[in-house]
Amino acid sequence: MSAPMDNTRVKVRKQDGFIKVRKRDLERLTTEVMQLREFLPRVLSGDLTETLRRALTAETLKEQLELEHERLRQEYLHLQSRLCASQAECQKEREEKLLLREQLWRRGVELQQQVNFCYGLGSAACGLLWSSSARENVVTHWVADGKLQPFLAVGAQTLESFVGSLDEEAKSQTEDHNSLEHQFILALAGTITNIAAVTCGRDLLSSSAHPLLDTLVRLPPGMKPGVFPKLKVLMLMALYNVSISVQGLKYISENSGLLHLIWTLLDDEDWEVCLHTLRLLQSVLAVEDEGAEEGRLSLGSSLLDPELRARVSQLTYRGQSSLRLAAHQTLGDLEQVSGCKEKNP
């Protein structure tokens with residue numbers, strides 16, 4: 001008799017060989033698989049499927065986040081490395097800056113010492129020149145020697161630079177008088193004034209030092225009333241000395257800034273400045289010869305301005321007798337000019 005069906009074995013090929021499976025087990029397995037195919041969709045609900053999908057998505061997102069985290073960590077390490085390098089470089093630059101600041105401070109101190117030395121040397125040298133220039137024969141020798149023109153050119157530049165750099169609100173008159181810089185400038189201006197006091201010197205200024213004369217006319221009005229009165233007086237005296245020469249009077253009278261200088265300095269707080277301004281005005285008004293007449297007429301009708309006469313008239317009430325006298329004399333000269341203009345319109 002043949003063997004029972006349930007004991008029949010089925011051979012199943014498995015890559016490199018076969019295994020034996022009972023027919024009953026195979027049928028049972030087949031039945032279970034069919035049952036699973038039929039009932040599995042019923043068991044697995046839509047929520048479970050969605051949960052599985054979300055789990056897969058979360059797993060994928062997790063992997064992406066891990067990759068992003070690793071990238072950010074590497075970037076953080078790179079930035080941290082750069083930060084350390086930058087901090088080290090910043091510290092180095094800070095130390096270098098402190099060193100340079102200290103060196104700059106030392107250079108500033110040394111430069112100030114050199115400036116003070118130069119002003120001291122200039123003050124001493126120009127003081128000697130100022131004292132020497134008081135002798136006519138010395139100025140005559142200087143003019144004959146032919147080396148005055150470079151000195152006068154440097155003097156004009158120095159005066160202009162000094163006046164242009166003034167901080168008049170921060171300086172007081174006492175401080176300026178005690179400074180080597182101010183003493184140097186006063187000595188320089190005094191030397192120029194003494195040169196102009198000698199005939200050959202003012203002839204030289206009138207013919208070959210026009211930039212200096214222009215500077216002397218332009219600078220005083222730019223200085224506030226009451227500031228550096230001695231310097232203003234010396235520059236006015238230099239212009240007055242030049243005006244004694246016919247050629248010098250003609251040149252400064254043709255300068256468009258002369259009337260502005262006179263109008264401005266007549267209101268100065270210092271009486272000596274007003275006095276020397278009046279003397280300069282008297283020199284311009286003087287009619288001694290044809291050359292002086294031409295110099296006066298070049299100013300046109302400005303000398304006849306009633307306001308100018310009013311300003312001069314106010315000075316007749318000032319306390320200093322010499323100033324009052326000069327003001328009265330100037331008023332007489334103005335009346336004489338007015339009379340000449342009326343006769344020769």
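Tutor: This is a predicted model. In it, lysine 232 and aspartate 268 form a salt bridge through their side chains, at 2.7 Å from N to O.

Student: Where do lysine 232 and aspartate 268 lie?

Tutor: Lysine 232 is in helix 9 (residues 229–243), and aspartate 268 is in the loop between helix 11 (258–265) and helix 12 (271–285), so the pair ties together parts 36 residues apart in sequence.

Student: Is lysine 232 buried or exposed? And what about aspartate 268?

Tutor: Lysine 232 counts as buried, at 0% relative accessibility. Aspartate 268 is buried as well, at 3%.

Student: How many salt bridges are found in the whole structure?

Tutor: The search finds 9 salt bridges. One of them joins glutamate 160 to arginine 218, with the closest N and O atoms 2.9 Å apart. Glutamate 160 belongs to helix 4 (residues 148–164) and arginine 218 to helix 8 (residues 210–218), so this pair ties together parts 58 residues apart in sequence.

Student: How accessible are glutamate 160 and arginine 218?

Tutor: Glutamate 160 is partly exposed, with a relative accessible area of 36%; arginine 218 is also partly exposed, at 43%.

Student: What links Glu68, Arg71 and Glu75?

Tutor: A network of salt bridges links those residues.

Student: Changing topic, which residues form the patch of negative charge on the surface?

Tutor: Glu89, Glu93, Glu95 and Glu96 gather there. Glutamate 89 lies in helix 2 (residues 46–132) and is partly exposed, with a relative accessible area of 47%.

How values were computed
Residues are numbered from 1 along each chain as its sequence is written. This is a predicted model: local features need pLDDT of at least 70, side-chain atom pairs count only at pLDDT 80 or more; totals for chains, interfaces and linings use all residues. Side-chain values use heavy atoms; hydrogens and water are left out. Patches are made of residues with over 30% relative accessible area and no salt bridge: like charges are joined within 9 Å, nonpolar side chains (Val, Leu, Ile, Met, Phe, Trp, Tyr) within 5 Å. Accessible areas come from the Shrake-Rupley method with a 1.4 Å probe; for residues, only the protein chains shown count as cover. A salt bridge is a side-chain nitrogen of Lys or Arg within 4 Å of a carboxyl oxygen of Asp or Glu. Lys and Arg count as positive and Asp and Glu as negative; His and the chain ends are not counted. The place of a charge is taken as NZ of Lys, CZ of Arg, CG of Asp or CD of Glu. Helices (H or I, at least four residues) and strands (E, at least two) are DSSP runs, numbered from the N terminus. Buried means under 20% relative accessible area, exposed over 50%, partly exposed in between (1.4 Å probe, protein chains only).
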